[in-house]
Amino acid sequence: MPVVDEISHPPLGRVILSIRPNNRRATARWRNGCVYLNVPPVSDAREINRLLDFFEPKLLKSRPTLAYSCLLYTSDAADE
């Protein structure tokens, strides 16, 4: 995948932008905790910001949850 740029979007966080020569429409999805935005080659910065605003509600609804939990050990068990 030809990664072109990495931008930061306040509600979505890290966004990886790639320009796909064969794309006719833009797509966005979550992968590895960040948003991957694939756009056609004719997109400019204004269009990319508009697309992020368009995809934002759907992406926030489908944001992946934390896949692991951290086990916290305390020293209280060692005192007994």
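A: In β4, the residue that forms a bridge with A28 is L37. This pairing belongs to a set of five bridges that join strand β3 (residues 27-31) to the antiparallel strand β4 (residues 34-39). Two strands pair if DSSP finds at least two bridges between them; strands (E, at least two residues) and helices (H or I, at least four) are DSSP runs, numbered from the N terminus.

The model is predicted: local features need pLDDT of at least 70, side-chain atom pairs count only at pLDDT 80 or more, and totals for chains, interfaces and linings use all residues. Residues are numbered from 1 along each chain as its sequence is written, and side-chain values use heavy atoms, with hydrogens and water left out.

Two residues lie between the strands of the hairpin of β3 and β4, where N32 has a positive phi near 55°. R31 sits over the face of Y36, 4.2 Å from the ring centre; such a placement requires NZ of Lys or CZ of Arg within 6 Å of the ring centre and within 35 degrees of the ring normal.

As for the whole, the protein has two helices and four strands, in the order β-β-β-β-α-α from the N terminus. Of its 80 residues, 28% count as buried, meaning under 20% relative accessible area with a 1.4 Å probe, protein chains only. F55 is buried, at 14% relative accessible area. Among contacts (heavy atoms within 4.5 Å) between residues at least 6 apart in sequence, 31% join residues at least 24 apart.

Terms used. Buried means under 20% relative accessible area, exposed over 50%, partly exposed in between (1.4 Å probe, protein chains only).
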